[in-house]
Structure formats: C-alpha cells, structure tokens
Amino acid sequence: MSADDRIAKAASLLLHSPPGEVDDVFNDIRGIVNDDEALQELIEPVLAESNMQQFLVVDVPDKQSKVLLTPYNLLDENNKYLDPTTKTAFTFDHLRRIGSDPEEYQETMDDDDANEQLRAELQKALEQYVESHFKEGFVSVFAHEGSIVSCIVSNKFSPSNFWNGSWRAVWSFNPESNQLNGSIKVRVHYFEDGNVQLDTQSDFSRDVETGGDVAKKVAKLIGQSEAEFQQGINDGYRQLSEKTFKGLRRTLPVTRNKIDWEKIANYKIGGELASAEN
C-alpha cells in the first residue's frame with residue numbers, strides 16, 4: 001500500500017469521528033502519518049465533507065452573521081459557500097476553519113423568487129423555534145433545487161465529563177407538492193473507562209396544508225415531528241430501565257430467597273478473625 005493510500009484510509013476515519021472529537025482524531029492521524037505536507041493535501045477534502053456532515057457553524061467574513069456549512073449552500077468545488085441571509089458568498093478553509101474573500105451574491109440557489117421569499121420567512125419561523133427548544137442550537141434555511149431545505153444542529157460537548165453529543169436534522173419542503181420530508185440524527189459518545197455510543201436516526205414525511213402562512217405551518221410540523229422523535233428516545237430509555245436491563249439478571253437467586261449481604265459480611269469478618277487467632 002502506497003503512502004498516499006495509507007493517508008487516505010487514515011483520513012477517512014474523520015468521517016466516523018464522534019461529535020466534538022474531530023480534532024482529537026485528526027491529531028492522532030497526524031501523529032501516525034508524521035508528514036504534515038502530504039497529510040494537508042489529502043485531508044482537506046475529507047475535512048470539508050466532515051464539516052458539512054456535522055453542520056459546522058461558522059462566522060460569515062465581514063458580517064455579523066453565522067451560517068451552517070452544508071451541501072445545500074456549497075457553491076462550487078473551491079469550498080465557496082453562500083450565506084443566504086446576508087447574500088454573501090465566501091471561501092472557507094476547512095483545515096484552519098477560517099472564512100475569507102466575502103463577496104456580494106445576488107443570485108439564489110433557486111430560480112424561483114417565490115421560493116426565496118418562503119425561505120426567508122421559514123428562516124425567521126425556525127429561528128424562533130430553535131431559540132425556544134435548543135439551548136445551543138442553530139438553523140440555516142436554503143432554497144435548493146426547487147425545495148426549501150432547513151438544517152438544524154445543536155451540539156453539547158463536555159469532554160471533561162467524558163461525553164459529547166449532537167442533534168442534527170434536515171427538513172426539505174417542496175412547495176409544489178406541499179410535501180415535507182425530514183431526517184433527524186442524534187449521536188452521543190460516552191467514554192469514561194469505556195466506549196459507549198448512541199447513534200439513532202428517524203425519517204419523517206408530512207403533508208402541509210395549503211393556504212395561509214405556509215412558513216409557520218412548516219415550522220409547526222417540524223416542531224411536532226422533533227418532539228415525537230424526542231419522546232421516542234425517552235420511551236426507549238424508560239423501557240431499557242424498566243424491562244430490558246431487568247431481564248438481564250434474576251430478580252431472586254435460584255433459592256428464591258433474597259441474599260442477606262450484611263450476614264455474609266459478618267461471616268467473612270468472623271472467618272478472618274478466627275484465622276488471625278490461629
């Protein structure tokens with residue numbers, strides 16, 4: 001296997017990194033490869049894919065604005081992205097995580113002006129929803145190929161307590177069919193004296209009623225669906241606690257009698273004293 005192949009395979013591990021741990025995996029890969037020049041050349045496309053996969057929140061250069069990096073606002077292969085709120089296109093360095101070369105971008109990623117208006121309205125509606133439901137959440141809405149795509153992310157990183165987690169959701173609304181399709185992914189990594197991960201995903205499909213304030217209706221359906229998903233996770237953990245874990249062990253030993261641990265401890269102490277006297 002060539003050196004480039006080894007670097008490419010090692011770099012692909014970044015795509016499987018738990019949330020909030022990309023830097024740790026990158027540093028491990030850097031130590032293994034031990035060739036920063038070769039690594040930088042091959043790893044940047046993988047970092048770009050990872051950052052878009054994780055919905056990285058970035059500052060828009062020269063603007064008091066933030067935007068998510070996603071496949072839906074990627075303008076070209078040179079890592080140029082669009083912030084539709086400020087109509088700004090900028091280049092992003094995925095290795096250093098710095099945006100640069102901002103420029104005004106009057107075009108949209110969708111030819112339908114009505115979709116752009118709906119995008120702006122949905123952005124405002126979902127900002128209110130995210131603010132009230134996520135402590136550290138962020139949303140970006142894009143007009144993309146005839147649909148309105150909403151990306152929501154909320155990360156909570158606590159490496160000092162040995163856990164990190166993320167909530168990511170993508171919702172695509174088609175104004176022609178009034179169909180709302182979405183996917184929610186939750187991933188949590190707990191790594192104190194072990195390696196335990198929760199990695200779950202659920203897909204949704206909803207019909208949006210025509211007429212009225214469409215943006216508010218879409219935002220409401222998104223909120224209802226995400227609440228349903230959250231409740232499903234809660235119910236799953238409750239079942240684990242009340243049924244699954246209990247099924248892994250006997251409630252009573254074979255004798256059908258509870259063990260008197262205090263009495264056993266006294267027997268042990270008595271035995272040790274007798275041995276000491278002898």
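What follows is a quick chat about salt bridges and aromatic pairs.

User: Ground rules before we start?

Analyst: This is a predicted model, so local features need pLDDT of at least 70 and side-chain atom pairs count only at pLDDT 80 or more, while totals for chains, interfaces and linings use all residues. Residues are numbered from 1 along each chain as its sequence is written, and side-chain values use heavy atoms, with hydrogens and water left out.

User: How many salt bridges are there?

Analyst: Nine. The rule is a side-chain nitrogen of Lys or Arg within 4 Å of a carboxyl oxygen of Asp or Glu.

User: What does R97 pair with?

Analyst: D23, with the closest N and O atoms 2.9 Å apart. R97 sits in the loop between β5 (88-93) and β6 (98-104), and D23 in helix α2 (residues 22-33), so the contact ties together parts 74 residues apart in sequence. Helices (H or I, at least four residues) and strands (E, at least two) are DSSP runs, numbered from the N terminus.

User: And how exposed is D23?

Analyst: Partly exposed, at 41% relative accessible area. R97 is partly exposed too, at 39%. The cut-offs: buried is under 20% relative accessible area, exposed is over 50%, partly exposed is in between (1.4 Å probe, protein chains only).

User: Which residue does K80 bridge to?

Analyst: E103, at 3.0 Å between the closest N and O atoms. K80 is in strand β4 (residues 80-83) and E103 in strand β6, so this pair ties together parts 23 residues apart in sequence. E103 is partly exposed, at 38%.

User: What about R206?

Analyst: R206 meets E228 in a salt bridge, 3.1 Å from N to O. R206 is in strand β11 (residues 196-207) and E228 in helix α5 (residues 214-244), 22 residues apart. Both are partly exposed: R206 at 23%, E228 at 47%.

User: Which residues do shared partners join into one network?

Analyst: K87, E116 and R119.

User: Switching to rings. How many aromatic pairs?

Analyst: Six in the whole structure. Rings of Phe, Tyr and Trp (its six-membered ring) pair if their centres lie within 6.5 Å; planes under 30 degrees apart are stacked, over 60 edge-to-face, the rest tilted.

User: Why is the Y81 and F90 pair tilted?

Analyst: Their planes are at 35°, so the pair counts as tilted; the centres are 6.5 Å apart.

User: Buried or exposed, Y81 and F90?

Analyst: Both are buried.

User: And F162 with F191?

Analyst: That pair is edge-to-face, 6.0 Å centre to centre with 80° between the planes.

User: Which residues form one aromatic cluster?

Analyst: Y129, F134, W167 and F229.
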